[in-house]
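Please look through the sequence and the model below, and then follow the explanation from one part of the fold to the next.

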Amino acid sequence: MLKKTIIILLMISLLNIFITPVFASKENENFIINAAFQTELNVNKASKNQVVQFVSTEDYYVTDDFIIPSGTIFNGKIKNFKKGRWAYRRAKAVIKIDSMTFPNGEQYNIKAATKRHVLKGSAIANISKGIITLPVAIVVGTAGACVIIVETISIAGLIIVGPTSYLFGETMGKLTHGINYKKHQGDKIKLKIKNISNFSSESSL
C-alpha cells in the first residue's frame, strides 16, 4: 500500500511537467510581446479582480503604421486563481488584460492574456519538494492513523480524537503543500495579444 501511494504521487508530479507543454503548443497565438511585471504577484495572497500590470520591454510592429512602443503599460485583472494546496497542488492564476497605455498617454482597448499555464508554481520545485517531504509525510500520516485508532478505543480518547486529527491533518497539509507562484517587479513575462481596438480598422487584429 505504501509503495503504491508513493508511485501514484510521483506520477502526478511528473505529469505536471509533461502535460503542460502539450496543451500550450496547441494555442492559436496572434502575436507575443516580451514584457515584465510592473506590479508584484503572489498567488497565495491573491484576490479576485486584483489589478496586475505589465510593461513592454521592446517595440512591436503590429502594422507598418502602428507600433506598440517599449514602456507600454498593460492593465490586467486576476480572473481565476487557486492557491497552493495539499497533495502538491501548485498555485496558479489566470489574468485577463483589457487595456494598454502608451508612454505618450494614448490608451487602447485590447484583448490579451499571459500565455497559458505560465502563471503556475514551478513543476521542478514541486517535484523536488515531493522527493524530500513525501517520505516524512507518509510517516506522519501513518503515525497519525495509529494514534487516532488508539484514541477511539477509550472514551477519554474519543474526546481528543478531533484535535488529534486536526493536528496531523495540518502537518500533512504543510508537508505536501504545492509550490506558490510569486513574481516581482521587473520579472520577465510574455503576453499574448488577441485583439486591439480604438485605432483604424486596417490595423485591427
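Strand β1 (residues 31-37) pairs with strand β3 (residues 51-56) in the antiparallel sense over 3 bridges, where strands are DSSP runs of E of at least two residues, numbered from the N terminus, and two strands pair if DSSP finds at least two bridges between them. Within this pairing, Ala 36 stands opposite Val 55 in β3. The model is a predicted one, in which local features need pLDDT of at least 70 and side-chain atom pairs count only at pLDDT 80 or more, while totals for chains, interfaces and linings use all residues. Residues are numbered from 1 along each chain as its sequence is written, and side-chain values use heavy atoms, with hydrogens and water left out.

The pairing of β1 with β3 belongs to a barrel, which 6 strands close in the order β1-β3-β6-β7-β8-β10 with antiparallel pairing. Neighbouring strands of this sheet are turned by 45° against each other on average, direction ignored, the axes being lines fitted to C-alpha atoms and the angles running from 0 to 180 degrees between N-to-C directions. On its other pairing, β8 is joined by 5 bridges to the antiparallel strand β10 (residues 188-196), with Thr 114 standing opposite Leu 191 in β10.

Asn 49, in the loop between β2 (41-42) and β3, has a positive phi of about 65° although it is not a glycine. Its relative accessibility is 39%, and Asn 49 therefore counts as partly exposed, given that buried means under 20% relative accessible area, exposed over 50% and partly exposed in between, with a 1.4 Å probe and protein chains only.

Thr 72 lies in the loop between β5 (67-68) and β6 (73-82) and, at 0% relative accessibility, counts as buried. A polar atom of the Thr 72 side chain lies 2.7 Å from the backbone oxygen of Pro 69. Not counting residues up to four places away in sequence, Thr 72 touches Phe 54, Val 55, Ser 56, Met 100, Thr 101, Phe 102 and Pro 103, where contact means heavy atoms within 4.5 Å.

Asp 187 sits in the loop between β9 (182-183) and β10 and is partly exposed, with a relative accessible area of 25%. Although Asp 187 and Ala 35 are 152 residues apart in sequence, their C-alpha atoms are 8.5 Å apart in space. Leaving aside neighbours within four places in sequence, Asp 187 is in contact with Ala 35, Ala 36 and Phe 37, and a polar atom of its side chain lies 2.7 Å from the backbone nitrogen of His 184.

Finally, there are 5 aromatic pairs, counted where the ring centres of Phe, Tyr and Trp (its six-membered ring) lie within 6.5 Å, with planes under 30 degrees apart called stacked, over 60 edge-to-face and the rest tilted. Among them, Phe 31 and Tyr 60 form a stacked pair, 4.6 Å centre to centre with 15° between the planes. This pair links distant parts of the chain, Phe 31 in strand β1 and Tyr 60 in strand β4 (residues 60-61), 29 residues apart. Phe 31 is buried, with a relative accessible area of 7%, whereas Tyr 60 is partly exposed at 23%.

Key
Helix = DSSP H or I, 4+ residues; strand = E, 2+ residues; numbered from the N terminus. Polar contact = N/O pair within 3.5 Å; in protein donor to acceptor, adjacent residues only side chain to side chain.
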